[in-house]
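Subject: Structure for your review

Dear colleague,

Please find the structure below, followed by a summary of what was found in it. I would be grateful if you could read the two side by side.

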Amino acid sequence: MIYSHEVKMMCPVAQGVNHGAAPIPEEAKWVKAKEVKDISGFTHGIGWCAPQQGTCKLTLNVKEGIIQEALIETIGCSGMTHSAAMASEILPGKTILEALNTDLVCDAINTAMRELFLQIVYGRTQSAFSEGGLQIGAGLEDLGKGLRSQIGTMYGTLAKGPRYLEMAEGYVTGIALDEDNEIIGYQFVSLGIMMDFIKKGDDPNTAYEKAKGQYGRVDDAVKIIDPRHE
């Protein structure tokens, strides 16, 4: 330790006040976090790249400072999907401090890690008041039964109006219109469920029919259009 001449010439003064770190809520406990291993929590966050052409939603389950579970969801950039694949190998097993200072390949994933770090170390996690926190595997519950990200993809023009392309329920196959050409519902197919049927032995056409659904007043529609071709 090197001290400047000015500091060396100072006389010592006692630090009387030292109450330690303020406690933060972690898994239904109040914890005075002093080391990385004092940190636990389950939380989500988002990140974006510098040109803002893609984004990442990152979910982490941290126990005693170690990342036990990571869910990486990306949208908007083809390269991000490969970065997410690498991040899913990199993150589990690292401390949150290591993960913060590890290149997670994609700017958006790195930014998401930064945002999650802030939530976790300040005690702002989803599991802050859940006794024992959330079990390993809780991240998969965000994806639902089909184990697919919940994606909303919509497109609209002034000339031709809106097109629903993908909803949380799945890939939109038809938009239901009333007599005024206003949307009153949509038809969809759940691709995750369809693939499950195919893996169990159904032929693709049967699986497609079994995985179809609809939302809204589709039965009252005057016209149903294909959002990608009409």
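Predicted model: local features only at pLDDT ≥ 70, side-chain atom pairs only at ≥ 80, totals over all residues.

Is Asp-38 buried, partly exposed or exposed? Asp-38 counts as partly exposed because its relative accessibility is 21%; buried means under 20% relative accessible area, exposed over 50%, and partly exposed in between, with a 1.4 Å probe and protein chains only.

Residues are numbered from 1 along each chain as its sequence is written, and side-chain values use heavy atoms, with hydrogens and water left out.

Salt bridges

A salt bridge here is a side-chain nitrogen of Lys or Arg within 4 Å of a carboxyl oxygen of Asp or Glu. The count by this rule is 10 salt bridges. Among them, Asp-38 is joined to Lys-37, with an N to O distance of 4.0 Å.

A further salt bridge links Lys-199 to Asp-196 at 3.5 Å, N to O. Both residues belong to helix H6 (residues 191–199), where they are 3 residues apart, about one turn of the helix; helices (H or I, at least four residues) and strands (E, at least two) are DSSP runs, numbered from the N terminus. Lys-199 is exposed, at 66% relative accessibility, whereas Asp-196 is partly exposed at 28%.

Asp-202 and Lys-210 also form a salt bridge, and their closest N and O atoms are 2.8 Å apart. Both ends are partly exposed: Asp-202 has a relative accessibility of 21%, and Lys-210 one of 45%.

Strand S4 (residues 55–63) is mostly covered, with 7 of its 9 residues buried. S4 pairs with strand S3 (residues 41–48) in the antiparallel sense over 8 bridges; two strands pair if DSSP finds at least two bridges between them. Within this pairing, Gly-41 has Val-62 of S4 as its bridge partner. The two strands form a hairpin with 6 residues between them, and Gln-52 in the turn has a positive phi of about 55°.

S4 is also joined to strand S5 (residues 66–75), by 9 bridges and again antiparallel. Here Leu-58 has Ile-72 in S5 as its bridge partner. The hairpin of S4 and S5 has 2 residues between the strands, and Glu-64 takes a positive phi near 50°.

Yours sincerely
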